[in-house]
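Here is a short tour of one protein model, written for a reader who likes to follow along in the viewer.

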Amino acid sequence: MLAKRKILLCVSGGIAVYKAVALVSKLSQAGAEVKVIMTESARQFVQPLTFQVMSRNDVYYDTFDEKDSSVIAHIDLADWADLIIVAPATANVIGKLANGIGDDMVTTTLLAATAPIWIAPAMNVHMYDHPAVKRNIAQLHEDGIRFIEPSEGFLACGYVGKGRLEEPEKITELVNGFFMREPLLQGKKVVVTAGPTRERIDPVRFLTNFSSGKMGYAMAQAAAELGAETILISGPVSLPAPYGVKRIFVESAEDMLHAVKAEFASSDIVIKTAAVADYRPKTLYGQKMKKQEGDSSIALERTTDILNYLGTEKDGQILIGFAAETNDVAHYAKSKLERKNADYIIANDVTESQSGFESDTNRVTVYGKADFEKSFELLPKQELARELLKLIAEREMLNVR
């Protein structure tokens, strides 16, 4: 599957180093050529000879140990790789890379790299949740680096939580998917809306919802990876912009409507994942509303239904809506498909465990015209997004609706 693919594995120190050995084995068995760089801490857990045997290549760990005098090792390795994976990635190496520090063989090579870099963190659950670590991860996201999220489970430190290095089999599957990508959306323009909207009441208050934007951002990233020119129109979220995606920030439902209108005529596919407010305050107060005795009420008025508007205005565009439901999911999704003149509605039950607004996973069913229906089991949102777009792209190329 990975024949002739060149993968550079950077291994930093932690008990999960033993999984990195298995990862080299899996990648090599799949046909990839793997070279390994180790930090000094990683060598406290596993000897370089182990990786040398598994990869059948020299193992690098000393910036000044030049094995070939005709090249500079860390530059040569950076240029050689088709893909670089840091696994396991400690908080230390994540922090160094986020701040441009190159003080060992791993970090100097990463700073010289032009190939895609994937980072697979592994650490204590509290370390992973530390503000500094989260800040560094966000910075690397902004820099275009992709993360393989750690899984939850029993950790070597005795805690149970998020921080386990993803299994070698899963990482190998992701690598294979990366190299097997087809440019299904090459030459297409995809517009994605994501996140919540905010409807202001006064200068300090607003109405909103629990949408995190994660599904929409995953759809935008997947569209870009499949070759599309991708525009992401985002409500207020704390997520970094996906690599290769143009992001437009908006606040209110009206702002989002205007931004979508500006892009709609030139688009091929519009994906409406945003949780747009259905109502806004009828009166916007210029000063902070003061607390009064007794109850109070706020008059609301309808916002423009963006999906419905696009359904009436579309001229050949593929229109995809999302339906976050709490009951009778199939009924409401099929009704929405017809009422909004959409091509597809992707529906989920947000009351289900791990399928809500702020989760990293989702379980959905796709509804299309001519009674098309396909369900997806629980998947990470990034993986699910790729599967959804591949499904729709392949169906539309076959002109099956």
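## A pocket, some rings and a histidine

The second largest pocket holds about 980 Å³ of space. Please keep in mind throughout that this is a predicted model. Helix 9 (214–225), strand 16 (300–302), helix 11 (306–313), strand 17 (318–325), helix 12 (329–339) and strand 18 (344–349) are the elements that each give two or more residues to the lining of this pocket. Strand 17 gives the most, with 4 residues.

In total, 41 residues line the second largest pocket. To find its centre in the viewer, look for A274, A275, V276, F322 and K336, the lining residues that lie nearest to that point. What is the make-up of the lining by class? It has 17 nonpolar, 14 polar and 10 charged residues.

Let us turn to the aromatic rings. A pair of aromatic rings is described by the distance of the centres and the angle of the planes. The structure holds 3 aromatic pairs, and two of them are set out here:

| Pair | Distance of centres | Angle of planes | Kind |
|---|---|---|---|
| W118 and F178 | 5.3 Å | 80° | edge-to-face |
| F178 and F179 | 5.1 Å | 75° | edge-to-face |

Why does the pair of W118 and F178 count as edge-to-face? The planes of the two rings stand at 80°, and an angle over 60 degrees puts a pair in that class. W118 belongs to strand 5 (residues 117–121) and F178 to helix 8 (residues 168–179), so this pair links distant parts of the chain, 60 residues apart. W118 and F178 are both buried, and F179 is buried as well. Together, W118, F178 and F179 form one aromatic cluster.

R302 lies over the face of Y279, at 5.5 Å from the ring centre. Elsewhere, the charged end of K374 sits over the ring of F376, 5.4 Å from the centre of that ring.

One last stop is H74, which has its place in helix 3 (residues 73–80). Is H74 buried or exposed? Its relative accessibility is 17%, so H74 counts as buried, the cut-off being under 20%. Which residues does H74 touch, leaving aside its neighbours within four places in sequence? H74 is in contact with T63, M105, T108 and T109.

Notes
Residues are numbered from 1 along each chain as its sequence is written. This is a predicted model: local features need pLDDT of at least 70, side-chain atom pairs count only at pLDDT 80 or more; totals for chains, interfaces and linings use all residues. Side-chain values use heavy atoms; hydrogens and water are left out. Buried means under 20% relative accessible area, exposed over 50%, partly exposed in between (1.4 Å probe, protein chains only). Contact means heavy atoms within 4.5 Å. On a 1 Å grid over the protein atoms alone, a cavity is a set of points where a 1.4 Å probe fits but cannot get out, and a pocket is an open set with protein on both sides within 12 Å along at least five of seven lines; lining residues have an atom within 4 Å of a point. Grid points are joined across faces, edges and corners, and a volume is the space filled by probe spheres set on the points. Ala, Val, Leu, Ile, Met, Phe, Trp, Tyr, Cys and Pro count as nonpolar, Asp, Glu, Lys and Arg as charged, and the others, Gly among them, as polar. Rings of Phe, Tyr and Trp (its six-membered ring) pair if their centres lie within 6.5 Å; planes under 30 degrees apart count as stacked, over 60 as edge-to-face and the rest as tilted. A charge sits over a ring if NZ of Lys or CZ of Arg is within 6 Å of the ring centre and within 35 degrees of the ring normal.
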